[in-house]
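Hi,

Please have a look at it in your viewer as you read.

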Amino acid sequence: MRIAGGLVLIWLIIGVIAAGQRGYLTGGSDTSCAKAGTVAVTVIAGPLNYMGVNPKVNCQVPQPSK
C-alpha cells in the first residue's frame with residue numbers, strides 16, 4: 001500500500017511539472033472552466049504527457065438568466 005501511494009504521488013508530481021512546462025500554471029486572472037479542467041487532466045495524465053498525450057478540456061459555464 002505504501003509503494004502504491006508513493007507511485008501515485010510521483011505520477012502526480014510529474015503531471016504538475018508537465019503542466020508548468022506548458023505554461024498552464026502561470027498567467028494572470030484568465031481563470032476559466034476550460035483552463036482549470038485542462039490543468040487538472042494534464043496533472044492526472046502525469047508521465048503520459050511526455051509520450052504525446054496533450055489533454056485539453058472545452059467547457060462552457062451557463063450564463064445567468066436576465
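**Helix H1 and its buried side**

Gly15, Ala18 and Ala19 are the buried residues of H1. Buried here means under 20% relative accessible area, exposed means over 50%, and partly exposed is in between (1.4 Å probe, protein chains only). Helices (H or I, at least four residues) are DSSP runs, numbered from the N terminus. As a reminder, an α-helix has 3.6 residues a turn, so residues three or four places apart point the same way. Arg2, Ile3, Leu9 and Gln21 are exposed on the other side of H1.

Before I go further, a word on the source: this is a predicted model, in which local features need pLDDT of at least 70 and side-chain atom pairs count only at pLDDT 80 or more, while totals for chains, interfaces and linings use all residues. Residues are numbered from 1 along each chain as its sequence is written, and side-chain values use heavy atoms, with hydrogens and water left out.

H1 has 20 residues and reaches 29 Å from its first C-alpha to its last, close to the expected 28 Å. The expected span is 1.5 Å times one less than the number of residues in the helix. Just after H1 comes glycine 23, with a positive phi of about 85°.

What covers the buried residues of H1? H2 is included in that cover. H2 spans residues 33-45, which makes 13 residues, and its reach of 18 Å from first to last C-alpha is close to the 18 Å expected. In H2 the buried residues are Gly37, Thr38, Val39, Thr42, Val43 and Ala45, and they pack against helix H1 (2-21). After H2 comes glycine 46, whose phi is positive, near 55°.

Threonine 42 is worth a click. This residue of helix H2 counts as buried because its relative accessibility is 0%. Which residues does threonine 42 touch, not counting those up to four places away in sequence? The list is Gly15, Ala18, Ala19, Arg22, Tyr24, Asn49 and Pro55, where a contact means heavy atoms within 4.5 Å. Gly15, Ala18 and Ala19 are the buried residues of H1 again.

Val8, Trp11, Leu12, Ile44, Leu48, Met51 and Val53 make a nonpolar surface patch of about 640 Å². A salt bridge is a side-chain nitrogen of Lys or Arg within 4 Å of a carboxyl oxygen of Asp or Glu. H1 gives the most to this patch, with three residues.

Tryptophan 11 is in helix H1 and counts as partly exposed because its relative accessibility is 35%. Leucine 12 is in helix H1 too, and its 35% relative accessibility is why it counts as partly exposed. Leucine 12 touches Val43 and Ile44, leaving aside residues up to four places away in sequence.

**Loop and tail**

Serine 32 lies in the loop between H1 and H2, and is partly exposed because its relative accessibility is 34%. Serine 65 belongs to the segment after H2 and is exposed, with a relative accessible area of 73%. From serine 65 to cysteine 33, 32 residues apart along the chain, the C-alpha separation is 19 Å.

Best wishes

Note on methods
Helix = DSSP H or I, 4+ residues; strand = E, 2+ residues; numbered from the N terminus. Patch = residues over 30% accessible without salt bridge, like charges linked within 9 Å, V, L, I, M, F, W, Y side chains within 5 Å. Areas by Shrake-Rupley, 256 points an atom, 1.4 Å probe, with all protein chains shown as cover.
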